[in-house]
Amino acid sequence: MADELMTYDPRGVFLPEHGISPAELAALGERLDDARDEVLADAQLWADAVKEIPAEKEPLDAGFHELPDRLLADYRTHRANSELGQIKAAADRLASAVGSAVVLGIGGSYMGARALLEACCHQYYNEVTAAMRGGRPRIYFEGNNVDNDALVDLEQLLKSREERWGIVVISKSGGTLETAAAFRILLRELKEALSREAAGGGAAEREVAKFVIPVTGKSGKLFELSKSLGCRDIFEVPDGVGGRFSVLSAVGLVPAAVMGLDIERLLAGAAAMNEHFRNHGPDKNIVLQYVGVCHLMEERGYTTRVLSTWGKRLEAAGLWYDQLLAESLGKQERGALPLTVVNTRDLHSRGQQHQEGRRDKLITNLIVEHPSRELLHVGKSDLNQDGLNELAGKSLADIMAAAIEGTNQAYREDNRPTADIRLPRLDEYTLGQFFQMMMLATVVEGRLIGINPYGQPGVEAYKKNMNAILRR
Ligand code: PA5
């Protein structure tokens, strides 16, 4: 398969009214270039393993940038002994031992894995036969809330199946309450399930560690707990890689490998985006173009950024981006509001407002060029009461293309700005590009507007109160 790069087309923002001009975008080029240089220099600090981060840069979690290249190089040299080799082996071991795996994590420790499952796996992944999943386990996400009934229902579901199950627990800090509480409860359940089995001559409770893969920092509560449990593999969230920038570390790679996804292709896509980012000037660089358009539109009052995904498989990728943008730039009483929509579904709910509501929305379409499966056609029918025989030769992909074109035409006719991100197809390689493009764009924009994109001091407030309330 050709290694095509995704594209960004900003022409829909060049409007006679309420838009920007190509000249304005070009005039921003020098500042975009400077911001890119700063981002490259930040990454170099981590690549050189510089331990002293200048105070004005703190926090600086720029380790995500070179990570795909570093992991791939390590894999090419050390194969089975590399981090990637060990992730694959551990994931294969778990996948062959269990029928279901529960992935525990929240925020950046959860959303990337969910995006990968929805984008790259079968739409009915958990419902199809094991053979249709390539022999991989069903995947459930938990530890991303404290919803009693949801967890009880999951426990019931796991119990009702006469098969083994396992846990991938992910927390960089190792102390996030939502994830820690779910882990404790499910670990208890898993031990009970194994001791029931042992009574019948099956696995013993002490074998529980074989069914758990932790991903966490070099130290901390989860790290200590995993060691005491006797987990064979404890994968590390590297220093300098923040939660929402961690999808291409063990945080996203372990669950992806359990699903049987091609994690090398995922990283190769991200590495291709890195190369593009390094080697193209602002007029050809899709990361810089994207940042330039978003920034100029925001300065004109377009403070809502709609990521308009077309089709059903990119909603979770959009929600991953919502978190990335909101937690990175929503600081100092600034930052655009991210909003993911799924079209054509949401044309029937939000479409009215996007067409005629307040002029504060920049719509970026996220379009997949080619479906992965065979094309379905409307076809002829003797029952033509629906009048669809005149569209008999059209495929659903043709209808989708018409919906995209028609919607953007309607926006353009009312001077409503749009831009298009196009993925040639939906697979690990293009998802890797997308993740890396959006992470780079977010940090470039932070540097452009003088907001540190790393850290999330605002999230601490609720945690502090919640913990105080629980202990009073
Ligand atoms: O981006 C971030 O850092 C956060 O969203 C974290 O990913 C989230 O709070 C979960 O943290 P942890 O992985 O430490 O449990």
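A pocket is an open set of grid points with protein on both sides within 12 Å along at least five of seven lines, and its lining residues have an atom within 4 Å of a point. I keep that in mind for this model, which is predicted.

**Entry 1: the largest pocket**

I looked up the volume of the largest pocket. It comes to about 1400 Å³. Then I asked which residues lie nearest its centre. They are Trp310, Gly311, Pro371, Ala397 and Met400, out of 42 lining residues.

**Entry 2: what builds the lining**

Which element gives the most to the lining? I found helix H14, with 11 residues. H14 spans 396–413. Strands S8 (337–343), S9 (361–368) and S10 (418–423) each supply at least two lining residues as well. I also checked the domains. Domain 1 (7–50 + 269–453) and domain 2 (64–265) each give the lining at least three residues. By type, I noted 18 nonpolar, 11 polar and 13 charged residues in the lining.

**Entry 3: a patch on the surface**

I turned to the surface next. Leu376, Leu396 and Ile399 form a nonpolar patch there. Together they have about 290 Å² of accessible area. Leu396 sits in helix H14, the helix that gives the most to the pocket lining.

**Entry 4: salt bridges**

Side chains of opposite charge can pair when their charged atoms come close. I counted salt bridges with a cut-off of 4 Å from nitrogen to oxygen. The count is 32. One of them joins Arg136 and Asp92, at 3.0 Å from N to O. Arg136 is in the loop between helix H5 (111–120) and strand S3 (138–142), and Asp92 is in helix H4 (83–97), so the pair ties together parts 44 residues apart in sequence.

Key. Residues numbered from 1 in each chain as written. Predicted model: local features only at pLDDT ≥ 70, side-chain atom pairs only at ≥ 80, totals over all residues. Heavy atoms only, no water. 1 Å grid on protein atoms, 1.4 Å probe; cavity = no way out; pocket = protein on both sides within 12 Å on 5 of 7 lines; lining within 4 Å. Points joined across faces, edges and corners; volume = space filled by probe spheres on them. Helix = DSSP H or I, 4+ residues; strand = E, 2+ residues; numbered from the N terminus. Nonpolar A, V, L, I, M, F, W, Y, C, P; charged D, E, K, R; others polar. Domains from an automatic or database assignment. Patch = residues over 30% accessible without salt bridge, like charges linked within 9 Å, V, L, I, M, F, W, Y side chains within 5 Å. Areas by Shrake-Rupley, 256 points an atom, 1.4 Å probe, with all protein chains shown as cover. Salt bridge = Lys/Arg side-chain N within 4 Å of Asp/Glu carboxyl O.
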